[in-house]
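This report is meant for a reader who is meeting the structure for the first time. Please look over the sequence and the model before reading on.

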Amino acid sequence: MRKSKAPSSRREEIQKIFQCYASGKTTLPVCALLRFLHKEQMEIRTNEETAESLIDRYEIEETARESRCMTFEGFFRYMESKDCCVFNQAHTSVYQNMDQPLTSYFISSSHNTYLTGDQLVGKSHLDAYVCALRKGCRCLEIDCWDGPDMEPVVYHGYTLTTKILFKDVITTVEQHAFEVSAYPVILSLENHCSQEQQEVMAQYLISILGDKLLRTPLDHPTTGDLPSPNDLKYKILIKNKKLRPQIKTEDTTGLEESEDEEEDEEDEDQQTKAKFWSPRKAGSKKKALSNLVIYTTSVKFISFSYSKDNQNSYENTSMAEKKARKLVKVSGPDFVKHNQKFLSRIYPAGSRTSSSNYNPQEFWNIGSQLVALNFQSLGLAMDLNDGRFQDNGGCGYVLKPAVLMSSQRSFDPGSSQHVKPKHLLLKVISGSNLPVPRGGKGLDPFVRVEIHGIASDTRRKSTHTVKNNSLSPHWDSDMNFNISVPELCLIRFCVRDQTGLLSSEFVGQYMLPFSSLKKGYRWVPLRSRDGCSLDPASLFVFVWYS
């Protein structure tokens with residue numbers, strides 16, 4: 001149960017609901033509680049046993065417990081508990097099928113994970129890897145460069161960002177990889193090292209990660225070509241270019257310095273980097289790092305038709321947001337089909353030197369698995385990411401909806417003609433204990449509800465503004481939305497402070513997938529800009545959809 005005590009206004013609202021079902025009595029019998037659960041909370045599967053278990057959990061008055069009734073205080077405790085949170089509590093654990101190929105999942109992914117600030121002069125820090133892993137991130141990026149004394153370093157090349165040792169990054173990953181999730185971690189290496197220091201990298205990966213490092217293909221993966229998250233539990237995979245088998249005994253070209261990220265014409269500082277590039281030669285024996293790349297081999301994207309005819313299931317592509325956006329616009333259904341077979345990674349444009357983010361929803365809409373964001377940057381993009389990956393126990397893997405995986409029916413995110421549209425009614429009733437801005441001035445709050453999905457589903461609506469009330473603002477505002485692809489949608493509740501006629505400031509927000517939305521009278525927890533709980537701040541809402 002939540003520790004906070006709601007202000008009187010919420011008690012009054014809950015009291016009205018209680019009185020509707022108590023029929024003038026001071027307690028709710030089991031049959032009346034069950035009627036409330038069925039009619040208002042839409043908990044269709046509940047039975048008398050469920051209702052009695054709620055009495056046992058939330059009723060503390062002995063007489064009421066013995067007569068299998070619930071007093072208002074017990075009912076109030078229930079309404080303020082996690083059982084009445086807007087987020088489906090069954091989704092706080094892993095509940096999805098984890099035996100599908102990796103391509104069937106959205107995977108929480110970070111871009112230039114080592115950075116704590118901007119892309120030009122920001123600090124590189126081991127804590128950035130710890131923070132990302134604790135947020136459920138499962139694909140981390142490591143930019144590797146030659147360092148002094150044969151020690152590879154990690155930083156953003158050709159910039160003034162600080163450097164950290166590759167071996168320290170790998171040690172940090174080994175310590176924290178499976179702290180919040182048992183499912184596989186992918187290390188996306190952007191590799192600029194000489195062949196000699198690539199050898200050092202390989203040795204560190206082997207010696208530090210030990211049995212956690214996947215070094216050979218699995219004997220019997222449960223799925224088709226790529227293994228599943230369950231197959232790869234507690235394993236760390238290396239994503240990098242791989243040397244192709246050589247027939248001749250001549251020198252072979254070493255691993256290229258980077259994945260497709262650096263080859264993309266839209267990438268950061270492209271002209272500057274070109275001056276420094278030169279293919280390095282390596283003896284045929286020096287393949288240690290290449291040998292560690294098993295199911296996640298980076299290859300250059302050429303076209304969807306080329307991939308269909310030539311790409312192997314264990315090969316993945318990586319492209320900048322601008323190129324990906326063009327492909328979505330021109331060939332959306334082809335991109336969806338491509339992502340049914342292959343892993344694809346999207347990363348922020350090089351022009352985002354301040355570490356800003358694109359909207360990840362546009363690339364989830366076409367089924368891209370590794371939609372990489374700058375985790376250090378606060379705002380809508382990371383709120384979306386947190387909302388998406390709060391699902392399925394926060395394990396960092398969320399099963400893509402069937403609409404993205406169908407082999408019979410093509411899906412075009414640019415079209416609004418889809419099979420199972422929903423009508424959503426949200427009634428924003430009231431707020432409670434909203435944080436007051438610094439400086440002590442009053443709060444003039446309003447609530448903006450945003451739907452994030454395919455373009456035709458994306459919209460927002462706002463309540464009116466309540467003047468000078470942070471403790472218990474009351475809106476009682478109905479909002480109706482028609483949603484054509486609800487399974488891709490995220491819902492965002494954003495509380496803002498009206499600071500002027502056309503200006504407002506962020507107060508708190510909460511994001512969750514439509515598929516995790518509970519019907520009925522629910523409370524909405526609020527989070528700060530950096531994703532921390534603002535408890536006891538919350539909203540009280542009524543949710544219905546069909």
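The sections below go from the whole chain to its strands, cores, surface and salt bridges.

## The chain as a whole

The model is a predicted one, and its chain of 546 residues has 57% of them buried. The secondary structure comes to 15 helices and 24 strands. Of the contacts between residues at least 6 apart in sequence, 71% join residues at least 24 apart. The chain exposes about 23300 Å², and carbon and sulfur atoms supply 50% of that area.

## Parallel strands

Strand S8 (residues 185-191) is largely enclosed by the rest of the structure, because seven of its seven residues are buried. Val185, Leu187, Leu189 and Asn191 point one way from S8, while Ile186, Ser188 and Glu190 point the other way. Strand S5 (residues 139-145) runs parallel to S8 and is joined to it by six bridges, with cysteine 144 having asparagine 191 of S8 as its bridge partner. Strand S9 (residues 236-239) also runs parallel to S8, here over four bridges, and isoleucine 236 of S9 stands opposite valine 185.

Another parallel pair consists of strand S13 (residues 315-320) and S14, which are joined by four bridges, and in this pair threonine 317 stands opposite serine 344. From strand S14 (residues 344-347), Ser344 and Ile346 point one way and Arg345 and Tyr347 the other, and all of these residues are buried.

## Antiparallel strands

Strand S17 (residues 422-432) pairs in the antiparallel sense with strand S20 (residues 474-483) over eight bridges, and leucine 424 has phenylalanine 481 of S20 as its bridge partner. S17 also pairs in the antiparallel sense with strand S24 (residues 533-545), again over eight bridges, where the bridge partner of leucine 426 is valine 543.

In soluble globular proteins, nonpolar side chains tend to be buried together. The largest nonpolar core here has 62 residues, of which Tyr129, Leu140, Ile142, Phe166, Leu187, Leu189 and Leu205 touch the most other members. Helix H8 (residues 195-209) gives the most to this core, with six residues. Leaving aside neighbours within four places in sequence, phenylalanine 166 is in contact with Ile142, Cys144, Pro152, Val153, Val154, Leu189, Met201, Tyr204 and Leu205. Apart from this core lies another, of 59 residues, among them Ile55, Val507, Ala537 and Val541.

Proline 435 is found in the loop between S17 and strand S18 (445-452), and its relative accessible area of 28% means that it counts as partly exposed. Not counting residues up to four places away in sequence, proline 435 touches Leu443, Val507, Leu534 and Ala537. The C-alpha atoms of proline 435 and valine 507 are separated by 6.9 Å, although the two residues are 72 residues apart along the chain.

## A nonpolar patch on the surface

Leu120, Val121 and Leu160 form a nonpolar patch on the surface, and together they have about 300 Å² of accessible area. Leucine 120 lies in the loop between strand S4 (109-110) and helix H6 (126-134), and at 36% relative accessibility it counts as partly exposed.

## Salt bridges

The structure holds 21 salt bridges. In one of them the side chains of aspartate 83 and arginine 57 meet at 2.5 Å, N to O. Aspartate 83 lies in the loop between helix H5 (72-79) and strand S3 (105-107), whereas arginine 57 lies in helix H3 (residues 48-58), so this pair ties together parts that are 26 residues apart in sequence. Aspartate 83 is partly exposed, at 28% relative accessibility.

Another salt bridge joins the side chains of glutamate 321 and arginine 352, at 2.5 Å, N to O. This pair links distant parts of the chain, with glutamate 321 in helix H12 (residues 321-341) and arginine 352 in the loop between S14 and helix H13 (361-364), 31 residues apart. Glutamate 321 counts as buried, at 2% relative accessibility. The side chains of lysine 427 and aspartate 476 also meet in a salt bridge, at 3.7 Å, N to O. Because lysine 427 lies in strand S17 and aspartate 476 in strand S20, the pair ties together parts that are 49 residues apart in sequence. Lysine 427 is partly exposed, with a relative accessible area of 26%, and aspartate 476 is partly exposed as well, with 42%. Finally, salt bridges that share partners join Glu321, Arg325, Arg352 and Glu362 into one network.

Conventions:
Residues numbered from 1 in each chain as written. Predicted model: local features only at pLDDT ≥ 70, side-chain atom pairs only at ≥ 80, totals over all residues. Heavy atoms only, no water. Helix = DSSP H or I, 4+ residues; strand = E, 2+ residues; numbered from the N terminus. Buried < 20%, exposed > 50% of the residue type's maximum accessible area, 1.4 Å probe, protein only. Contact = heavy atoms within 4.5 Å. Areas by Shrake-Rupley, 256 points an atom, 1.4 Å probe, with all protein chains shown as cover. Patch = residues over 30% accessible without salt bridge, like charges linked within 9 Å, V, L, I, M, F, W, Y side chains within 5 Å. Salt bridge = Lys/Arg side-chain N within 4 Å of Asp/Glu carboxyl O. Pairing = 2+ DSSP bridges. Core = buried A, V, L, I, M, F, W, Y, C linked by side-chain atoms within 4.5 Å.
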